[in-house]
Amino acid sequence: MPDLPLEKQKLFQKCVEFHGHLCPGLAFGLQAALAGMEFLSEAQALDEELVAIVETDACGTDAIQFT
Ligand SMILES: [Zn+2]
């Protein structure tokens, strides 16, 4: 993971530990989660909690759940 900033590397490592293995789906899920959070953060009130509804049980779901 040499191209990722250290903060993202640590987050990805925690996702791998949560998920149980490293796989492309997990990396994709992390990128989707971070992009979604960035997109929605401007419209989110400080006391609001984001909830994701993910219509798959593929590996990327764990990254979205963890992030
Ligand atoms: Zn996986």
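Let me start with a question: does Gly60 count as buried or exposed, going by its C-beta neighbours inside 10 Å? Gly60 has 23 C-beta neighbours inside 10 Å, so it counts as buried. The rule is that a residue is buried if 20 or more other C-beta atoms lie within 10 Å of its own, exposed if 12 or fewer, and partly exposed in between, with C-beta atoms placed from the backbone.

Before going on, what kind of model is this? It is a predicted model, in which local features need pLDDT of at least 70, side-chain atom pairs count only at pLDDT 80 or more, and totals for chains, interfaces and linings use all residues. Residues are numbered from 1 along each chain as its sequence is written. As for pLDDT, that is the predictor's confidence in each residue, from 0 to 100. The mean pLDDT of the protein is 90, and 97% of its residues reach 70 or more.

Now the overall layout. The protein has 3 helices and 0 strands, in the order α-α-α from the N terminus. Helices here are DSSP runs of H or I, at least four residues, and strands are runs of E, at least two, numbered from the N terminus. The C-alpha trace spans about 35 × 30 × 15 Å along its principal axes. The protein has 67 residues, and 16% of them count as buried. Of the contacts between residues at least 6 apart in sequence, 67% join residues at least 24 apart; a contact means that the two C-beta atoms, placed from the backbone, lie within 7 Å.

Take helix 1. Helix 1 has 14 residues and reaches 20 Å from its first C-alpha to its last, close to the 20 Å expected at 1.5 Å a residue. The expected span is 1.5 Å times one less than the number of residues. Phe12, Cys15 and His19 are buried in helix 1. They cover an arc of only 55° around the axis, and therefore sit on the same side of helix 1. The arc is that of the directions from the helix axis to the C-beta atoms. On the face turned away from the buried side are the exposed residues Leu6, Glu7, Lys10, Gln13 and Glu17. The cover over the buried residues of helix 1 includes helix 2 and helix 3. Just after helix 1, Gly20 has a positive phi of about 105°.

Helix 2 next. It has 18 residues and reaches 26 Å from first C-alpha to last, close to the 26 Å expected. Its buried residues are Leu26, Gly29, Leu30 and Ala33. Their arc around the axis is only 100°, which puts them on the same side of helix 2. The face turned away from that side carries the exposed residues Pro24, Ala35, Glu38 and Phe39. Helix 1 and helix 3 are included in what covers the buried residues of helix 2. Met37 also lies in helix 2, and counts as partly exposed because it has 14 C-beta neighbours inside 10 Å.

Which residues make up the largest nonpolar core? They are Phe12, Cys15, Leu26, Leu30, Ala33, Ala63 and Ile64, 7 residues in all. A nonpolar core is a set of buried Ala, Val, Leu, Ile, Met, Phe, Trp, Tyr and Cys residues joined through C-beta atoms within 7 Å. Helix 1 (6-19), helix 2 (24-41) and helix 3 (60-66) each give two or more residues to this core. Helix 2 supplies the largest share, 3 residues.

Ala63 touches Cys15, Leu26, Gly29, Leu30 and Ala33. Gly60, where I began, lies in helix 3 and touches Gly25, Leu26, Phe28, Gly29 and Ala32. The C-alpha atoms of Gly60 and Gln13, 47 residues apart along the chain, are separated by 14 Å.

Terms used:
Lists of a residue's contacts leave out its neighbours within four places in sequence.
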